[in-house]
Amino acid sequence: MTKYLLGLFLIISQFSFTQTKIDTLKSRIEKSNTFLEKAKLYIDIANLEENPKKILKYADSALNYSLKSNSLRYQCLSYIKKGYGHNFEGHNDSAYYYYQKASMIIPKIDNFEILHKINRGLGYVHEDFKNIDSAYFYHQKAFEISKKLDKNAQLKSKLNLAVLDRKTGKTEKAIKSFLECLKLNDDKNLKQSISLYNSLGNLYLVIKNHSESEKYYRKAIKLAKKANKKHWVKLMELNLIQCVINAFKDEQGIELSKKFLKDHRGNIRDKEKNRVYFYLAQAHTHLKQYEQAKFYIQKKIEASKKIGDTKSLNIGKFQLATILNSLGEFKRAKDLLTEVIPFYIERNNIHSLISLKSLIISNNLMLKGDAKTSDLFEEYRVLKDSLYSTQVTSKVTELEKKYQTQQKENEILKLSNENIKKEAEAKAKSTQLNYALFGGSIILLLSLFLLRAYKKEKKTKEQILTQKKEIEVLHKELHHRVKNNLGIANSFIKVAKKNFTGSEEQNILEVLQSRIMSMGNVHELLYKQENVSAVNFQSYTERLCEEISNTNNGKANNISHKVNANIYIPIKEATPLGLILNETITNSYKYAFKSKESGLITINFKEDDTTIYCTISDNGIGMPDKKDYSNKNSYGTRLINSLVMQLSGTIQTTNNNGTHTQITFPKNQD
């Protein structure tokens, strides 16, 4: 209670101090004998006032006295304050009118400080008009002018540009601008530094650079504690918890969350409880500690009800349904899903509806084993793959547009350089300067223009490199999603196996799982490695052999494998080749060593300039004399032949102290 009273006292003291200053200025106006001094004093009062209606009132009085005194400076400042007041109230047309009035006076007084204020004001108005290009123009113009003023003016203008970049989704550019703001501020303004560090933490979180995000959140928390801004400390500690859990540092996230609840006990609002309980549930879910996750998500739901946040409440119910499904409480999970579906349909939230559909499919399988559920799953998979493919295509198109825009800017810059050169030549002829001085000036100008063009070109190349990295991240995300989808399919088959008791049905489903696994491994390796266009087949083949060995009790039967596959194969060939390896190696484990105490399976890859050679050998009992891969009776054989044809390759099988299969196919297929 004492803390709240102290805070209230400080607010009242600040208000009283400001009001005292305003009263003092008013008394000076009454004693003043000149219109100019009265105009100045009314501007000073308007600068202190926070109520927009009162700002407009004092600005009107200042304008009246500045007109009577013929002071262009205070007329201009009066128009600026009127523009500010109208912009504050949302009257953007009126705000624009008064800022334009001020801009018509400024050429007559030539004051950079006032010109800076006008351009910032016009930038704000165009932001509210949603004229982003115009807003950029005026804020950039204000920043160029601020270079002739002090660092504080530069900081304000650069911050305007940074915020605009953040609003328009230009995250990388916004980060660069906020870092420049930090240099300009240099921790002189503690409150400003806290805000800048927190903004950088948020931006790095958007691009999933969790280490940088965590670094800046911790800096913000340290300064907020130093400034004794307890509300800010809580906000930024919650941001830090979110960052840590998003980086899958779940144990650390749980520790930070519990410390937050302990440190701020008795001083946590329901809205803050809502956040921290959600993060605790998220971390425990990552760790598959579903009972703890269930406990915290229920507390989040209670907090959401208290603050009347419908969106947060439905998100909590959705999360609880997911957790209950994992705990096997399918009936209750289904009831919760039924409750939240109308909320997401009303908001047309496609991502959440897809996740809901997936969860309902899983729930139906557990409750009923409905045969039609597999068709529903196929619709879901196609819908989700289509959605993410569309997103990737959209992002690539956006990056291409940015690149084309940059190219056009370069062309405009070149034309601008040529025009400036022509103007310089015409000016030189008209002034009849000394030829030596004229030549030196032109060379200097050209050097400056070439330097500027070089810097512009260098910046463009850096932007293209950044865009290329963004595209690679998107490709990795796509492979990750495909791998997850295949994992879901594998899980559904695993669930379905429990409904069949016959060995034949069990074998069919195990073969299907093995094939899905081999495709999933390709996509998993692609999103984990740096090169997203080709698969490291040494890692892939070793992992495939291990998984097949585990499935077929290879170690128990003394069957080992040896892999020599130091080769990268493009994704187009990797998937069919992986399926061929899966079928062939599985056959060796199942049939090659039936009458032998031990066995060895060897996989070798070789390549030359045009061809890749893959050999799978075992030292088992060999194949029947009449069996080869031209036999169409076996589904596995037909699948292998089909996949070899897809590779435009050939397959040859021989018996020589075991079975030896060689697949040959051309490199770099289009």
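Tutor: Start with Tyr 296, which has 13% relative accessibility and counts as buried. This is a predicted model, where local features need pLDDT of at least 70, side-chain atom pairs count only at pLDDT 80 or more, and totals for chains, interfaces and linings use all residues. Residues are numbered from 1 along each chain as its sequence is written, and side-chain values use heavy atoms, with hydrogens and water left out.

Student: Why is Tyr 296 called buried?

Tutor: Buried means under 20% relative accessible area, exposed means over 50%, and partly exposed is in between (1.4 Å probe, protein chains only). Tyr 296 has 13%, so Tyr 296 is buried.

Student: Which residues is Tyr 296 in contact with, leaving aside its neighbours within four places in sequence?

Tutor: Contact means heavy atoms within 4.5 Å. Tyr 296 is in contact with Lys 258, Tyr 277, Leu 280, Ala 281 and His 284. Ala 281 is 15 residues from Tyr 296 along the chain, and their C-alpha atoms are separated by 5.2 Å. Tyr 296 itself lies in helix H15, residues 290-307. Helices (H or I, at least four residues) and strands (E, at least two) are DSSP runs, numbered from the N terminus.

Student: What makes His 210 buried?

Tutor: Its relative accessible area is 19%, so His 210 is buried. His 210 is found in helix H11. Not counting residues up to four places away in sequence, His 210 touches Leu 205, Cys 243, Asn 246 and Ala 247.

Student: And why is Cys 243 called buried?

Tutor: Cys 243 is at 0% relative accessibility, so the label holds. Cys 76 is also at 0% and counts as buried.

Student: What makes Phe 35 partly exposed?

Tutor: Phe 35 has 39% relative accessibility, so Phe 35 counts as partly exposed. Phe 35 lies in helix H2. Leaving aside neighbours within four places in sequence, Phe 35 is in contact with Tyr 65, Lys 68 and Ser 69.

Student: How do you know that the span of H9 agrees?

Tutor: H9 (residues 171-185) has 15 residues and should span 21 Å; its end C-alpha atoms are 21 Å apart, so this agrees too. Buried residues in H9 include Ile 175, Phe 178, Cys 181 and Leu 182. Their cover includes helix H8 (151-167), helix H10 (190-206) and helix H11 (210-226). Just after H9, Asp 186 takes a positive phi of about 55 degrees.

Student: What makes a set of residues a nonpolar core?

Tutor: A nonpolar core is a set of buried Ala, Val, Leu, Ile, Met, Phe, Trp, Tyr and Cys residues joined through side-chain atoms within 4.5 Å. The largest one has 33 residues, and Phe 537, Ile 569, Leu 581, Ile 585, Ile 603 and Phe 605 touch the most other members. The largest share of this core, eight residues, comes from H23. A second, separate core of 29 residues includes Tyr 65, Cys 76, Ile 80 and Ile 114.

Student: What does Leu 581 touch, not counting residues up to four places away in sequence?

Tutor: Its contacts are Phe 537, Thr 541, Leu 544, Thr 586, Ile 603, Phe 605, Cys 614 and Ile 616.

Student: In what sense do E4 and E5 pair?

Tutor: Two strands pair if DSSP finds at least two bridges between them. E4 and E5 have seven, in the antiparallel sense. A hairpin of three residues joins E4 to E5. Ile 601 stands opposite Asp 618 in E5. E2 and E4 pair over six bridges in the parallel sense, and Ser 560 stands opposite Leu 600 in E4.

How values were computed: The expected span of a helix is 1.5 Å times one less than its number of residues.
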